[in-house]
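Take a look at the structure below.

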Amino acid sequence: MNSPLQIRLTQFLLQQTLSPNPLFQIHSLLITTGLQSHHPSALFSLYKLSLSNPSTLSHAATLFPQVQEPNKWSLMIRHASAAAPLKALSLFREMRAAAGDDPFVYASLIKACNKSHAFLEGKSVHCRVIRLGLDSNVNVSNSLVSFYMGSANLMGYADVMFDAVLVKSVVSVNCMISGNVDRGKFDVGLSLFVRMLAGCFGSNVRPDYVTFVILVSGCVKFGGYRDGNALRCCCFKMGLGNNIEICNALIDMYAKFGRISDAESVFSDVAVQKDLVSWNSLMWGYANSGDFERAFSLLRRMRIEGVGPDIVSFSCLLSSCRDLRLGAMIHARVKSNGMEFDVSVGTALISMYANCRKIESARKFFDDILKTNIEYWNTMIHAYINNGLANEGLKLFDQIKPGELDPDEVTLLGLITACRDVGELNQGIILHSMVESDERFKRSLILGNALIDMYAKCGTTAKARGVFDGMRKKDVVSWTSMVVAYALNGEGEKSVAIFKQMRDENFVPNSVTFVGVLSACSHSGLVDEGRRLYEMMCDVYNIEPEIEHCGCMVDMFARAGKIEDARVFIGNMPMEPSARFWRMLVNGCRVNGEIGLGLRFLSGVKELEGSNESEDFVISSNVYAEAGRWGDVVSRREFMVVEKGSKVVGKSFVSN
């Protein structure tokens with residue numbers, strides 16, 4: 001290989017990795033120059049180069065039969081385990097005899113089993129590892145620990161494997177920490193970290209940046225803000241405070257906890273070069289907290305510092321934008337960068353226009369793009385619903401061509417919500433049948449809860465109860481939805497009964513559950529039951545009474561004619577009573593014939609005297625009419641005209 005072309009080809013073959021097109025060109029030159037057939041080493045170099053890039057792995061598979069090197073099998077398995085784990089497993093079945101006892105092959109194979117969730121095959125490989133005496137190899141044992149931590153049912157094996165490792169490394173401890181955090185055992189992962197700090201796994205086994213990234217990410221998932229702060233302090237003590245991966249994890253954690261000032265502090269203290277993840281994490285924090293202006297200013301700062309925003313940056317900005325002018329500017333920037341038709345950016349653009357109340361602009365963009373992804377349809381459907389155009393969302397669903405795109409959970413959730421909002425019971429029943437016909441949807445807790453809510457708002461509690469009883473799994477939202485369903489439809493005793501059943505099955509009611517059941521007591525005259533439930537909420541569940549709970553109690557007393565009890569309750573409330581509470585009291589007096597008491601409340605309560613709300617004009621006018629004070633009736637109605645008070649128009653509907 002002495003010609004200039006051959007020398008140049010040799011230089012290319014010595015590179016670490018190549019993208020597909022240059023690699024294919026080199027292969028064609030190897031064939032035309034005869035190097036492939038006369039120099040096997042050149043073909044082997046091309047084979048290794050193909051393995052180095054996941055996008056050219058299939059090309060390596062075409063070269064595989066022509067390569068004569070004995071270690072071609074092990075190379076293929078080691079590289080395929082990450083990009084194509086099932087391919088690695090099938091190759092191993094073919095090469096068992098040639099595999100020998102190369103520990104790297106078996107470590108890669110175990111990783112492939114872990115990635116493809118092939119737990120039975122993984123156990124078989126473990127048996128072979130033991131027969132070959134490779135179970136003491138550090139790489140193999142770490143791979144086995146990680147493999148067994150990959151399944152909740154096999155975590156006990158991971159503990160046994162970990163305890164059996166005589167010389168532990170930070171990698172093996174990190175595997176255990178990561179597995180426990182992933183499986184919801186954050187406290188166990190944290191205790192392993194504390195033991196590592198104490199030197200329980202050897203004086204040389206100290207936490208590294210991977211340890212901190214795993215644990216800080218776990219803090220986000222399991223709400224450990226204080227633990228996250230402690231980990232940040234520990235990072236600095238160990239000299240890892242400027243590690244960019246740890247800093248990014250901390251920015252993300254503080255942003256997701258809404259601690260934007262702490263996120264900014266970590267961001268500004270980074271001594272090394274910030275990467276795009278750092279900028280995007282802080283931008284997400286601003287966007288999620290609704291501070292679009294600071295998110296937008298961060299984009300400008302990125303530009304000044306020469307950092308190019310990516311798809312994530314623009315998606316964050318657009319999702320929080322409520323300013324049409326700035327949104328249009330970002331749209332123009334996205335368009336010039338060629339990112340307009342990326343799914344995440346495209347859906348964010350639809351949401352941006354919808355959030356700016358420009359639903360026509362959202363629809364125009366939607367109509368102009370190639371809608372090959374169901375996410376576009378989902379976003380547009382939800383945009384219509386959020387803008388009070390639920391019927392348009394239902395019509396849009398009819399335009400999805402059967403067979404081209406399949407609706408997913410988000411699609412059905414939006415459509416069920418639309419049916420709830422407009423009382424479209426028949427369409428809701430059709431959607432219910434779609435849920436029942438697909439096993440994926442039948443298992444969905446979210447869709448089950450949405451169907452209960454939809455049927456309740458459409459007035460069919462029997463169908464709501466049918467969905468509830470048919471759910472394989474229930475959560476507190478499911479029970480609360482059923483409690484509220486009965487309350488909304490005037491079936492107070494059933495609401496209280498389902499609440500008791502909820503407690504009997506050890507579900508803990510929340511604040512919303514109690515609003516539902518207290519409302520049921522209010523509308524059904526269950527005063528004693530309502531008192532008992534209110535006391536239970538405060539004393540047993542330690543839920544602080546909110547204005548909604550107090551409103552239910554006052555309304556309950558007023559409806560039942562217990563005006564004095566309502567007045568005493570208002571006096572003892574943990575918040576200042578608004579005109580709404582006195583309005584309930586006055587109306588209770590009118591309904592129960594206590595006209596004199598109602599007049600005293602009207603003249604003596606300052607909240608009602610100075611109120612210009614239309615409800616107060618109406619209720620005071622009605623009380624004066626009951627008392628025969630027609631002059632006051634005329635005066636109040638004339639005053640309402642002068643103040644331009646308007647009553648909220650009620651509406652009812654029946655679906656065809």
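Predicted model: local features only at pLDDT ≥ 70, side-chain atom pairs only at ≥ 80, totals over all residues.

V138 belongs to helix α10, which covers residues 138–149.

Now compare sequence with space. V138 and P103 are 35 residues apart along the chain. In space, their C-alpha atoms are 9.2 Å apart.

## A buried histidine

Is H432 buried or exposed? H432 counts as buried, because its relative accessibility is 17% and the cut-off for buried is under 20%. This residue sits in helix α27, residues 425–436.

What does H432 touch, leaving aside its neighbours within four places in sequence? Its contacts are L451, Y455 and V467.

## The largest nonpolar core

In soluble globular proteins, nonpolar side chains tend to be buried together. In this model, the largest nonpolar core has 159 residues. Which of them touch the most other members? They are I177 and M380.

Look at M380 in more detail. Leave aside its neighbours within four places in sequence, and M380 is in contact with I350, I359, A362, R363, F366 and L396.

## Helices α19 and α20

Helix α19 spans residues 292–304, and helix α20 spans residues 311–320. Their axes come within 9 Å. They cross at roughly 155°. The two helices are therefore roughly antiparallel, since angles over 145 degrees count that way. The crossing of α19 and α20 is left-handed.

Which residues meet here? From α19 come F292, A295, F296, L299 and M302. From α20 come S313, F314, L317 and S320. By class, this contact of α19 with α20 has seven nonpolar residues, two polar and no charged.

## Helices α33 and α34

Move on to helix α33, residues 511–524, and helix α34, residues 527–539. Their axes are 9 Å apart, and the helices pack at an angle of about 165°. That angle makes α33 roughly antiparallel to α34. α33 passes α34 in a left-handed crossing.

On the α33 side, the contact is made by F514, V517, L518 and C521. On the α34 side, E529, G530, L533, Y534, M536 and M537 take part. How do the residues of this contact of α33 with α34 divide by class? Eight are nonpolar, one is polar and one is charged.

## Two loop residues with positive phi

R357 is not a glycine, yet its phi is positive, at about 60°. Where is R357 found? R357 lies in the loop between α22 (343–355) and α23 (359–368). R357 counts as exposed because its relative accessibility is 56%, and the cut-off for exposed is over 50%.

N506 is another residue other than glycine with a positive phi, near 65°. N506 is placed in the loop between α32 (492–504) and α33. Buried or exposed: which is N506? At 69% relative accessibility, N506 counts as exposed.

Notes:
Residues numbered from 1 in each chain as written. Heavy atoms only, no water. Axes fitted to C-alpha atoms, helices over the stretch in contact; angles between N-to-C directions. Helix = DSSP H or I, 4+ residues; strand = E, 2+ residues; numbered from the N terminus. Parallel < 35°, antiparallel > 145°, perpendicular 65-115°, else oblique. Left-handed = near helix turned anticlockwise from the far one by under 90°. Contact = heavy atoms within 4.5 Å. Nonpolar A, V, L, I, M, F, W, Y, C, P; charged D, E, K, R; others polar. Buried < 20%, exposed > 50% of the residue type's maximum accessible area, 1.4 Å probe, protein only. Core = buried A, V, L, I, M, F, W, Y, C linked by side-chain atoms within 4.5 Å.
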